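Welcome! Here is a short briefing to read alongside the sequence and the 3D view.

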Amino acid sequence: MFHVSLLKPYFGTLEVPPEPIEIAGEPEYEVEAILGHRSKSRGKYQFLIKWKGYPSNEATWEPEEHLENAAYILNKYKT
């Protein structure tokens, strides 16, 4: 809880995140950057994805097979 005296009005603009595009009948979001990776079981990796138009705190861990339409960014990250 917050006391009302601690609140201030917000005067900035609220950006609406972009809608996903449809590829083969499935919604897809655009990858802006790969922020990191981690190893999971059986030598598979997950990548921390920063989605275009979304704040960094909404980045998600995705397996490599979810990034087939972001091959350029994935290859650039791996080199």
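This is a predicted model: local features need pLDDT of at least 70, side-chain atom pairs count only at pLDDT 80 or more; totals for chains, interfaces and linings use all residues.

Residues are numbered from 1 along each chain as its sequence is written, and side-chain values use heavy atoms, with hydrogens and water left out.

**Aromatic pairs**

- The structure holds three aromatic pairs; rings of Phe, Tyr and Trp (its six-membered ring) pair if their centres lie within 6.5 Å, and planes under 30 degrees apart count as stacked, over 60 as edge-to-face and the rest as tilted.
- One of them joins Tyr29 and Trp51, whose planes meet at 65° with ring centres 6.4 Å apart, so this pair is edge-to-face.
- That pair links distant parts of the chain, 22 residues apart: Tyr29 is in the loop between β2 (26-28) and β3 (31-39), and Trp51 is in strand β4 (residues 45-51). Strands (E, at least two residues) are DSSP runs, numbered from the N terminus.
- Tyr29 is partly exposed, at a relative accessible area of 40%.
- Tyr29 also pairs with Tyr54: the centres are 5.9 Å apart and the planes lie at 80°, so this pair is edge-to-face too.
- Tyr54 sits in the loop between β4 and β5 (60-63), 25 residues from Tyr29, and counts as buried at 17% relative accessibility.
- Through ring pairs, Tyr29, Trp51 and Tyr54 form a cluster.

**A charge over a ring**

- Arg38 lies over the face of Trp61, 4.2 Å from the ring centre; a charge sits over a ring if NZ of Lys or CZ of Arg is within 6 Å of the ring centre and within 35 degrees of the ring normal.

**The largest pocket**

- Lining the largest pocket are 22 residues, and Glu28, Tyr29, Glu30, Val31 and Trp51 lie nearest its centre. A pocket is an open set of points on a 1 Å grid where a 1.4 Å probe fits, with protein on both sides within 12 Å along at least five of seven lines, and lining residues have an atom within 4 Å of a point.
- β1, β2 and β5 each supply at least two residues of this lining.

**Toward the start of the chain**

- Val4 lies in the segment before β1 (21-23) and counts as exposed, at 63% relative accessibility.
- Val4 and Lys40 are 36 residues apart in sequence and 46 Å apart in space, C-alpha to C-alpha.

Definitions and conventions. Helices (H or I, at least four residues) and strands (E, at least two) are DSSP runs, numbered from the N terminus. Buried means under 20% relative accessible area, exposed over 50%, partly exposed in between (1.4 Å probe, protein chains only).
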